[in-house]
Amino acid sequence: MGRAVKVALAVLALGLSAFALYLFASPYLFLRALQGAVLEGDRARLERLVDFPRVREGLKAQVQARLFREMEQEVAQNPFAGLAYLFVAGMVDPLVDALVSPEGLAALGTGLSPGEAPKEAVKGWRLAYQDFRTAYVYNPQDPSSRLYLERQGLFGWKVVRMEFPLE
């Protein structure tokens, strides 16, 4: 093999290695951008990083399913529990809106309410891959509270779901 072919193969191997490394590192770079946007309270940048309508709808469905399961148990014991469900169900939207905000994101995994947690709490977030297209962000204090990221294109990511234990 000639020297030119060896150089070309080395350059190709280096290029493929750099491509694979960036592909693997892209959610970590996204995490840094998300942390910066929350710390700065930059709503415009958060709009680009978080699919707020999708996150809100998913969280509403999660909360309403939990309320419905509890209501089924209560109705068996108290027929007026259905009225309480209607009242509580009306409070889901404001609760979800508070959670899906820069302050709510900062409170993820801290056990504190939105606005009570210091925004610096996002500096402790960790990232884990679920598969090639999905990763999640969590606070080590509460690993069951998560923000799920979905790959957008080859290198882009977006927050598409928020999950936390409803107790």
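Q: Why does R161 count as partly exposed?

A: In this predicted model, R161 has a relative accessibility of 36%. Buried means under 20% and exposed means over 50%, so a residue at 36% counts as partly exposed. R161 is placed in strand β4.

Q: What makes the protein more spread out than a compact globule?

A: The protein has six helices and four strands, and along the sequence these follow the pattern α-α-α-α-α-α-β-β-β-β. The radius of gyration is 21 Å, whereas the globule rule gives 15 Å for 167 residues; the value is well over the rule, so the protein is more spread out than a compact globule. Along the principal axes, the C-alpha atoms fill a box of roughly 85 × 35 × 25 Å. Of the 167 residues, 34% count as buried.

Q: Why is the aromatic pair of Y129 and W157 called edge-to-face?

A: The ring centres of Y129 and W157 are 6.3 Å apart, with 70° between the planes. Rings pair if their centres lie within 6.5 Å, and planes over 60 degrees apart count as edge-to-face.

Q: Why does the pair of Y129 and W157 tie together parts that are apart in sequence?

A: Y129 belongs to strand β1 (residues 126-129) and W157 to strand β4 (residues 156-163), so the pair joins parts that are 28 residues apart in sequence. Y129 and W157 also belong to one aromatic cluster with F24 and Y28.

Q: How do you know whether Y129 is buried or partly exposed, and whether W157 is buried or partly exposed?

A: The cut-off for buried is under 20% relative accessible area. W157 has 6% and is therefore buried. Y129 has 27%, so Y129 is partly exposed.

Q: What makes R146 a charge that lies over the face of Y136?

A: R146 is at 3.9 Å from the ring centre of Y136. The limit on this distance is 6 Å, with a further condition on the ring normal, and R146 is given as lying over the face of Y136. R151 likewise lies over the face of F132, at 4.1 Å from the ring centre.

Q: Which residues make the nonpolar surface patch?

A: The patch of about 550 Å² is made by F19, Y22, L29, F132, L154 and F155. F155 lies in the loop between β3 (142-152) and β4. With a relative accessible area of 30%, F155 is partly exposed.

Q: How do you know that E40 and R45 form a salt bridge?

A: The side chains of E40 and R45 meet at 3.9 Å, N to O. A salt bridge requires the nitrogen to be within 4 Å of the carboxyl oxygen, so the contact of E40 and R45 qualifies. The structure holds six salt bridges.

Q: Why is E40 called exposed, and why is R45 called partly exposed?

A: E40 has 58% relative accessibility, and exposed means over 50%, so E40 counts as exposed. R45 has 22%, which lies between the limits of 20% and 50%, so R45 counts as partly exposed. R45 is placed in helix α2 (residues 43-49). R45 and L112 are 67 residues apart in sequence and 24 Å apart in space, C-alpha to C-alpha.

Q: What makes the contact of R43 and E103 a salt bridge?

A: The N to O distance between the side chains of R43 and E103 is 3.7 Å, which is within 4 Å, so the contact is a salt bridge. The pair links distant parts of the chain, with R43 in helix α2 and E103 in helix α6 (residues 102-106), 60 residues apart. R43 counts as partly exposed at 48% relative accessibility, and E103 counts as partly exposed at 29%.

Q: How do you know that D97 forms a salt bridge with R56?

A: The closest N and O atoms of D97 and R56 are 3.2 Å apart; this is within 4 Å, and therefore D97 and R56 form a salt bridge. The pair links distant parts of the chain: D97 is in helix α5 (residues 92-99) and R56 in helix α3 (residues 52-77), 41 residues apart. D97 counts as partly exposed at 39% relative accessibility, and R56 counts as partly exposed at 25%.

Definitions and conventions:
Residues are numbered from 1 along each chain as its sequence is written. This is a predicted model: local features need pLDDT of at least 70, side-chain atom pairs count only at pLDDT 80 or more; totals for chains, interfaces and linings use all residues. Side-chain values use heavy atoms; hydrogens and water are left out. Rings of Phe, Tyr and Trp (its six-membered ring) pair if their centres lie within 6.5 Å; planes under 30 degrees apart count as stacked, over 60 as edge-to-face and the rest as tilted. Helices (H or I, at least four residues) and strands (E, at least two) are DSSP runs, numbered from the N terminus. Buried means under 20% relative accessible area, exposed over 50%, partly exposed in between (1.4 Å probe, protein chains only). A charge sits over a ring if NZ of Lys or CZ of Arg is within 6 Å of the ring centre and within 35 degrees of the ring normal. Patches are made of residues with over 30% relative accessible area and no salt bridge: like charges are joined within 9 Å, nonpolar side chains (Val, Leu, Ile, Met, Phe, Trp, Tyr) within 5 Å. Accessible areas come from the Shrake-Rupley method with a 1.4 Å probe; for residues, only the protein chains shown count as cover. The radius of gyration is taken over C-alpha atoms; the globule rule is 2.2 Å times the number of residues to the power 0.38.
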